[in-house]
Amino acid sequence: MLGADLPSLDSALLVPPSASALQADRPSAHAPRILLLYGSVRERSYSRLLSEEAARLLRAMGAETRTFDPSGLPQPDDAPDSHPKVQELRQLAQWAEGMVWTSPERHGSMTGIMKSQIDWIPLADGAVRPTQGKTLALMQVSGGSQSFNALNQLRVLGRWMRMLTIPNQSSVAKAFLEFDEAGRMKASSYYDRVVDVMEELLKFTLLTRDVSPYLVDRYSERKESAQALSQRVNQRSI
């Protein structure tokens with residue numbers, strides 16, 4: 001009997017993982033939808049230029065992309081959720097099946113602009129979780145030598161937002177040397193890594209987007225939902 005020797009387990013709520021459940025009944029036919037966020041509003045923002053280069057690559061590989069401009073986004077809690085820029089960001093987060101986050105490194109960290117965008121995206125919006133189960137690729141730009149501080153922090157945030165963060169990532173050192181006057185990224189090993197990351201993001205998105213609800217379905221949440229339902233039913237019977 002399932003769970004017979006596991007007294008702490010509610011066996012009625014245990015759903016053993018199944019390979020068949022990972023086969024989508026109706027695979028999506030539309031192009032993968034990718035949202036790109038960047039973390040600087042400078043006139044010549046290298047995180048924006050890198051994000052734009054990533055968007056070109058994604059479109060060349062068959063994805064549909066949208067980029068959020070953080071200029072004008074208020075600080076979290078300094079404006080109501082109804083603020084137009086907040087609503088724009090949240091609608092894009094719901095539209096997306098995957099995301100790319102690109103931040104400069106400032107004082108050994110991601111920028112406040114990058115963090116503010118993520119903070120404005122709720123973990124839950126009614127019955128919808130805008131980021132859970134969606135794929136995520138991470139990139140950073142640095143003014144000096146190569147660093148991974150912002151990437152490491154973004155990876156923690158991706159996990160916190162319950163996203164499927166891909167293993168590969170990109171860190172572009174001395175970014176001011178890697179883009180031409182027109183803002184296009186020059187051929188280099190850094191550029192090749194960006195291609196690698198976008199390829200991997202699309203592969204993971206295609207692999208998971210139709211089964212993401214199953215991938216993030218959790219025993220603990222099924223148990224909590226069952227208890228809440230039982231409590232409501234019992235209250236109605238009083």
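This is a predicted model: local features need pLDDT of at least 70, side-chain atom pairs count only at pLDDT 80 or more; totals for chains, interfaces and linings use all residues.
**Exercise 1.** Check whether the end-to-end span of H1 agrees with its number of residues.

*Solution.* Helices here are DSSP runs of H or I with at least four residues, and strands are runs of E with at least two, both numbered from the N terminus.

Residues are numbered from 1 along each chain as its sequence is written, and side-chain values use heavy atoms, leaving out hydrogens and water.

**Exercise 2.** Find which residues of H1 are buried and what they pack against.

*Solution.* First apply the cut-offs: buried is under 20% relative accessible area, exposed is over 50%, and partly exposed lies in between (1.4 Å probe, protein chains only). The buried residues of H1 include Leu49, Leu50, Glu53, Leu57 and Leu58. Then look for contacts (heavy atoms within 4.5 Å). The buried residues of H1 pack against strands E1 (33-38), E2 (64-68), E3, E4 (135-141) and E5 (164-172), and against H5. Just after H1, Gly62 has a positive phi of about 105°.

**Exercise 3.** Describe the salt bridge that Glu53 forms with Arg56.

*Solution.* The rule asks for a side-chain nitrogen of Lys or Arg within 4 Å of a carboxyl oxygen of Asp or Glu. For Glu53 and Arg56, the closest N and O atoms are 3.0 Å apart. Both residues lie in H1 (residues 46-60), three residues apart, about one turn of the helix. An α-helix has 3.6 residues a turn, so residues three or four places apart point the same way. Now compare burial: Glu53 is buried at 3% relative accessibility, whereas Arg56 is partly exposed at 29%.

**Exercise 4.** Work out which parts of the chain the salt bridge between Arg209 and Glu97 ties together.

*Solution.* Begin with the distance: the closest N and O atoms of Arg209 and Glu97 are 3.0 Å apart. Arg209 lies in the loop between H5 (189-208) and H6 (212-215), and Glu97 in the loop between H2 (84-95) and E3 (98-104), so the pair ties together parts 112 residues apart in sequence. Arg209 is buried at 13%, and Glu97 is buried at 12%. Finally, widen the view: Arg33, Glu97 and Arg209 are linked in a network of salt bridges.

Key. The expected span of a helix is 1.5 Å times one less than its number of residues.
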